[in-house]
There are 2 protein chains.
Amino acid sequence: MRKQNVSGAVIRRLPRYYRHLNELNQAGVVRISSSALGKSMGLTASQIRQDLSCFGEFGQQGYGYNVDNLLNEIVDILGMNRGHTAVILGVGNLGRALIENFNFGWSGFHLNAAFDVRPEVVGQIMAGTPIFHIDQLENYLREHPASVGVLTVPRSIAEEMADRLVKSGVKGIWNFTNTELNIREEGIFIENVHFSDSLQTLSYLISEDA
Amino acid sequence: MRKQNVSGAVIRRLPRYYRHLNELNQAGVVRISSSALGKSMGLTASQIRQDLSCFGEFGQQGYGYNVDNLLNEIVDILGMNRGHTAVILGVGNLGRALIENFNFGWSGFHLNAAFDVRPEVVGQIMAGTPIFHIDQLENYLREHPASVGVLTVPRSIAEEMADRLVKSGVKGIWNFTNTELNIREEGIFIENVHFSDSLQTLSYLISEDA
């Protein structure tokens, strides 16, 4: 059961819980206390209890959390059990990295297809993913709707491609173009992976004592 | 002049200011009011004034901000004028994407070199960046110290490579391995780019009304 009005900060931490709990699960841990979970994640036990209380009562006093139940709950909260699908626009180095090396299934997505314009990639099947010409985007999405479009195109065409994705019915855009998209449509969500923002934050941190 | 005790949330927003102000600068805008800047960034004027007040007095009532001054100040705050340097460990698809397509200079970094083990890439020069064998890492860094190590290696060796970077004197690790690093040394900063965390957050957002 998903709860409404969970804070953005808690949501942002859930993927970390998912990663840690998966590791515990694979290590054969059945139950864990909030203090042990906190220690392994660098959070306090009370922080853990507070985060997880947003989603109901998973833990029992003196008993801890059942790792498997908690994992299933997080999967449900994050919507990773909804059969979400994705298409990638742009099969350059980064698009290729996502197609060949990124595990979409681990986040509950199936990568249906990728699109580009270059003759050397169009028509190929890359790590199981077919690559079509961008001219086929609308036709393809009409027959195979996608939940999310992944943008790894040059930033000069980012806006245009985002518009085409939205018109074709995607609900979310995973944006790697290092530019802000001006999507005004209601109910469309954009998640940015701005590499330069991240590197500049690191620059700040390492410069602090200079 | 850098101020201490600026909140993490403000720091995280500064790269966005940098991006927007750069665009304004390139468009020839010399001065901008906090309300106009806010509108273009989807923030309120008072949020803008509050953020920028952390760093001193840049704006004047009824006069706005001088775009060029504000840009220079943000560059200084983020430490982008310190001559930071970087090396990349791992020249797979993602490493190649960073070497060939990511503009390190735009964030104040110079990418000195990259390291891998595969004979087909070791010894090459890729987009101006020499690629060495990982065995040469320590020797290279002794002669050419790097501020930051970029980890795009398989997660199975992420921890080991991070340790070698830290022992060789880097101050920060830009971590793309989708795993949490256990670095205990003081004064070492880790900035994670966890693709799956980002996609799972998007999954949450598009699932909200389901």
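1. Chain A and chain B bury about 5,400 Å² between them, and carbon and sulfur atoms give 59% of that area. Three residues of chain A stand out: Q200(A), Y204(A) and I206(A) supply 14% of the area that chain A buries against chain B, more than any other three residues. The contact takes 60 residues from chain A and 60 residues from chain B. The size of an interface is often given as the accessible area lost when the parts come together. The model is a predicted one, and the values in this note are computed from it.

2. Some overall figures for chain A follow. The secondary structure of chain A comes to 8 helices and 9 strands. Its C-alpha atoms fill a box of roughly 60 × 50 × 35 Å along the principal axes. Of the 210 residues of chain A, 53% count as buried. Among contacts in chain A with a separation of 6 or more, 57% come from residues 24 or more positions apart.

3. The largest nonpolar core has 48 residues. The residues with the most contacts inside this core are F104(A), W174(A) and F195(A), together with F104(B), W174(B) and F195(B). Apart from this core lies another, of 24 residues, among them L24(A), L52(A), L70(A) and L71(A).

4. F104(A) deserves a look on its own. Leaving aside residues up to four places away in sequence, F104(A) touches A86(A), I88(A), L98(A), F109(A), L111(A), V150(A) and W174(A), and also L199(B) from the other chain. The strands concerned, β7(A) and β8 (residues 172-175) of chain A, pair in the parallel sense over 4 bridges.

5. Strands of a sheet pair through backbone hydrogen bonds, either parallel or antiparallel.

6. How many of the 6 residues of strand β3 (residues 84-89) of chain B are buried? The count is 6 of the 6, so the strand is largely enclosed by the rest of the structure. Both faces are covered: H84(B), A86(B) and I88(B) are buried on one side, and T85(B), V87(B) and L89(B) on the other. β3(B) runs parallel to β4(B), to which 6 bridges join it. One of the pairs is T85(B) with its bridge partner H110(B) in β4(B).

7. On to the β5 end of the chain B sheet. Strand β4 (residues 109-116) of chain B is joined by 3 bridges to β6 (residues 129-133) of chain B, and the two run parallel. D116(B) stands opposite H133(B) in β6(B). Strand β5 (residues 125-126) of chain B pairs with β6(B) in the antiparallel sense over 2 bridges, and I125(B) has P130(B) as its bridge partner in β6(B). The hairpin of β5(B) and β6(B) has 2 residues between the strands, and in this hairpin A127(B) takes a positive phi near 50 degrees.

8. In helix α2 (residues 34-41) of chain B, the buried residues are S34(B), L37(B), G38(B) and M41(B). Seen down the axis of α2(B), they fall within an arc of 100 degrees, so they line one face of the helix. An α-helix has 3.6 residues a turn, so residues three or four places apart point the same way. The buried residues of α2(B) pack against α1 (8-26), β1 (31-32), α3 (45-53) and β2 (65-66) of chain B. Just after α2(B), G42(B) takes a positive phi of about 70 degrees.

9. A last point concerns a loop residue. S147(A) lies between α6 (137-143) and β7 (148-151) of chain A. Is S147(A) buried or exposed? Its relative accessibility is 10%, and since buried means under 20%, S147(A) counts as buried. The side chains of S147(A) and H84(A) are joined by a polar contact of 3.5 Å. Not counting residues up to four places away in sequence, S147(A) touches H84(A), T85(A), V170(A), K171(A) and G172(A), as well as I206(B).

Definitions and conventions: Residues numbered from 1 in each chain as written. Chains lettered and ligands numbered in written order. Predicted model: local features only at pLDDT ≥ 70, side-chain atom pairs only at ≥ 80, totals over all residues. Heavy atoms only, no water. Core = buried A, V, L, I, M, F, W, Y, C linked by side-chain atoms within 4.5 Å. Buried < 20%, exposed > 50% of the residue type's maximum accessible area, 1.4 Å probe, protein only. Contact = heavy atoms within 4.5 Å. Pairing = 2+ DSSP bridges. Arc of directions from axis to C-beta. Polar contact = N/O pair within 3.5 Å; in protein donor to acceptor, adjacent residues only side chain to side chain. Buried area = accessible area lost by both parts, 1.4 Å probe.
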